[in-house]
Amino acid sequence: MNIRTARQWMVTHEWMVKPMAQTEWIQGKGLLVWLAEVFSALGTGLYLVSVFFGLKEEFAVTAFWAGIFGWIMIAVFKLPLHLAYLGKPWRFYKSFPPFSSAWKTSWFARGIVFTMIFLALAVVQLILQGLIAYDAAAFNSGVMDANYVFMVLAGIFCVMTSIYCGFAMSYCKSVPFWNTGLLPIVFLLMGIADGLALIMGVGLVTGEEVIPTAESATRIMLIINALLILAYLVNANYQSTTAELSVKELIVGHLAWVFWLGIVILGIIVPFAISVGSYFTGEEATAGLLVFAIVCHTIGAFSLKYGVLKVGIYRPLLPKSQAY
């Protein structure tokens, strides 16, 4: 083997002996995965929050419109983006039994199934919620009973839609940073926190007093999410050398600005500070501050998914030590 051929072989096969960053889900067409998962978190989080607020008559209108916006984020943004990434969106029906058994082995196929079932159930639930929102008598009738049933059914598949990407990533043993059962929980709880922020925006428009309740829940969720992210990073740091490289890349490497500015400051600290400020002053934050907090929270949602996807690093096929 001559020197030039040997050099080419070594470069081509670097991934066999060196940790290599994954690009399939975050560069080029892979950006569609990132955007799809962000809208998945925002949409499912907002819908789940709307279900809980829909249990009270005084929040019925806000819950209805929040549920509508959550449904739109999934149906109009998340699902088409995912199908576009797969390359042949007109064949999505093959994810469903009996057309295919892909759902038995593929979390992406399961995700499409979960999403389509959720969208169908949520349509019925939102129709019932709309009747309740604009007809006070419907709250204490059989309409509300039927609404409870579809809230539960749609809520279950909404949760599955929210977490399936976390399971898909956690099953990637070749990327140790993702290979943890904490990832689906992180995605679910961060989505709920995003939903609480967005429903405050809906409440500003509808005029219903959802903001105090949503703010109280937001403070708790932000603390839980901050601790959960810390636990996730600590666990990854001690999991393997490759996962440790991902953590360093996210905290002190090229992606540090995404973590500290996007996730920590804008996604957690700013919304928490505004919420705590209104708690101690005994007055609701102004509309301008609330909108600013919601925007910061949403930027945090985009930053979280981007950072987690971007710092995914493949474990070497032929590691120098078992530490990888």
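Student: Is F69 buried, partly exposed or exposed?
Tutor: F69 counts as partly exposed, because its relative accessibility is 39%; buried means under 20% relative accessible area, exposed means over 50%, and partly exposed lies in between, with a 1.4 Å probe and protein chains only. This is a predicted model, in which local features need pLDDT of at least 70 and side-chain atom pairs count only at pLDDT 80 or more, while totals for chains, interfaces and linings use all residues. Residues are numbered from 1 along each chain as its sequence is written, and side-chain values use heavy atoms, with hydrogens and water left out.

Student: Which helix is F69 in?
Tutor: F69 belongs to helix α3, residues 60-86, where helices (H or I, at least four residues) and strands (E, at least two) are DSSP runs numbered from the N terminus.

Student: And which residues make the nonpolar surface patch?
Tutor: W65, F69, I72, V76, F77 and Y134 make a nonpolar patch of about 560 Å². Patches are made of residues with over 30% relative accessible area and no salt bridge, with like charges joined within 9 Å and nonpolar side chains (Val, Leu, Ile, Met, Phe, Trp, Tyr) within 5 Å; accessible areas come from the Shrake-Rupley method with a 1.4 Å probe, and for residues only the protein chains shown count as cover.

Student: Switching to salt bridges, how many does the structure hold?
Tutor: The structure holds one salt bridge, defined as a side-chain nitrogen of Lys or Arg within 4 Å of a carboxyl oxygen of Asp or Glu. E244 pairs with K248, and their closest N and O atoms are 3.3 Å apart.

Student: Where do E244 and K248 lie?
Tutor: Both E244 and K248 lie in helix α8 (residues 241-251), four residues apart, which is about one turn of the helix. E244 is partly exposed, with a relative accessible area of 24%, and K248 is also partly exposed, at 44%.

Student: How many disulfides are there?
Tutor: The count comes to zero disulfides, taking a disulfide as a pair of cysteine sulfur atoms within 2.5 Å. C165 is in no disulfide, and the nearest cysteine sulfur, that of C172, is 9.2 Å away. C165 counts as buried because its relative accessibility is 2%.

Student: Last one, what does the secondary structure of the chain come to?
Tutor: The chain has 10 helices and two strands, and from the N terminus on its elements run α-β-α-α-α-α-α-α-α-α-α-β. Of its 324 residues, 49% count as buried.
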